[in-house]
Amino acid sequence: SASRRLSGLRALVTSGPTHEAIDPVRYIANRSSGRQGHAIAAELARQGAEVTLVSGPVTLPDPPGVNTLHVNSAREMLQACEGALPVDIAICAAAVSDWRASEEAGQKIKKDGKEPPALKLCENPDILARLSASGAKRPRLVIGFAAETSDIAEQAAAKRQRKGCDWILANDVSAESGTFGGPDNRIILIDDQGQEDWPRSSKDAVAQRLAARIAQAFDRPHRQ
Ligand code: C5P
């Protein structure tokens, strides 16, 4: 039926922020809610795909019908993603922390009355780039997101090249856009054909439109 257009396909979705431990009680994080990634996982499952969702710490419930794996850090997220391969489709919607503390203290760092401690950072793995370059195990369709505040289409096209993914969904997160923390999203999709502007809509509607476009890419036309 029209509502099960993705049956027989396996999908991997990342969602939410990551938490990077500084010591047993402190961490580095960001304000990602996971709403867009969770909406995509739910919609793909609704359309019949077998979905693994790798989620950072969020307050959202696990989407129905989705195999949800909970992780904290970027490195745990990468490991869970690699463990979910092979898949047909990978969608990286997580806001992965670019950096982590280069050393995690085993004990709570004490305020000892001296200088504040300096936080030394190192780079996290890029999960989207790694999935895009996973050789024989590479998903047939790899999709990333790009949050931009200016020259959105140009920046996103460059990011698509750099990361080696197939599609990039760029969104405008400038203050005027109201996307950050808001319920809506306005997407520019970049693929090898060029750019497609989607009208502003809810994150659920973005998930539905993306699922429809994926079905089309896998030649699963709408059946009446
Ligand atoms: O480079 P930037 O963070 O803007 O790229 C965003 C895209 O890359 C998103 O799809 C995000 O999920 C993915 N990403 C990732 N691992 C990282 C950083 C970003 O998968 N360490």
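Analyst: Happy to! On a 1 Å grid over the protein atoms alone, a pocket is an open set of points with protein on both sides within 12 Å along at least five of seven lines, and its lining residues have an atom within 4 Å of a point. Keep in mind that this is a predicted model.

User: Good to know. How much space lies in the largest pocket?

Analyst: The largest pocket holds about 1,200 Å³ of space.

User: And how many residues line the largest pocket, and which lie nearest its centre?

Analyst: There are 41 lining residues. Nearest the centre of the largest pocket you'll find Ala93, Ala94, Ala95, Val96 and Ala147.

User: Which helices and strands each supply at least two residues of that lining?

Analyst: On the helix side, they are α1 (35-46), α3 (127-132) and α4 (152-163). The strands are β7 (99-101), β8 (121-123) and β9 (141-148).

User: How do the residues of the lining of the largest pocket divide into nonpolar, polar and charged?

Analyst: The lining of the largest pocket has 17 nonpolar, 14 polar and 10 charged residues.

User: OK, on to the second largest pocket. What volume does it have, and which residues lie nearest its centre?

Analyst: Its volume is about 390 Å³. The second largest pocket is lined by 19 residues, and Ile22, Ile109, Pro116, Pro117 and Ala118 lie nearest its centre. By class, this lining splits into eight nonpolar, two polar and nine charged residues.

User: Changing topic: how many residues are in the largest nonpolar core?

Analyst: The largest nonpolar core has 31 residues. Leu44, Val51, Ile91, Leu210 and Ile214 have the most contacts inside this core. At least two of the core residues come from each of β1 (10-15), α1, β4 (50-55), β6 (89-92), β9, β10 (167-172), β12 (187-191) and α5 (203-217).

User: Which of those gives the largest share of this core?

Analyst: That's α5, with six residues.

User: What about aromatics? How many aromatic pairs does a search of the whole structure find?

Analyst: Zero aromatic pairs turn up in the whole structure. There is a charge over a ring, though: Arg213 lies over the face of Trp167, 4.7 Å from the ring centre.

User: Why does Asp151 count as partly exposed?

Analyst: Because its relative accessibility is 49%, and partly exposed covers the range between under 20% for buried and over 50% for exposed.

User: Where does Ser134 lie?

Analyst: Ser134 is in the loop between α3 and β9. Its relative accessible area is 22%, so Ser134 is partly exposed. From Ser134 to Ser177 it is 43 residues in sequence and 35 Å in space, C-alpha to C-alpha.

User: One more stop: where is the place of Ser33, and how far is it from Gly144?

Analyst: Ser33 is in the loop between β3 (27-28) and α1. The C-alpha atoms of Ser33 and Gly144 are separated by 17 Å, with the two residues 111 apart along the chain. Ser33 is partly exposed as well, at a relative accessible area of 33%.

Technical notes. Residues numbered from 1 in each chain as written. Predicted model: local features only at pLDDT ≥ 70, side-chain atom pairs only at ≥ 80, totals over all residues. Heavy atoms only, no water. 1 Å grid on protein atoms, 1.4 Å probe; cavity = no way out; pocket = protein on both sides within 12 Å on 5 of 7 lines; lining within 4 Å. Points joined across faces, edges and corners; volume = space filled by probe spheres on them. Helix = DSSP H or I, 4+ residues; strand = E, 2+ residues; numbered from the N terminus. Nonpolar A, V, L, I, M, F, W, Y, C, P; charged D, E, K, R; others polar. Phe/Tyr/Trp six-rings, centres within 6.5 Å; stacked < 30°, edge-to-face > 60°. Lys NZ or Arg CZ within 6 Å of the ring centre and 35° of its normal. Core = buried A, V, L, I, M, F, W, Y, C linked by side-chain atoms within 4.5 Å. Buried < 20%, exposed > 50% of the residue type's maximum accessible area, 1.4 Å probe, protein only.
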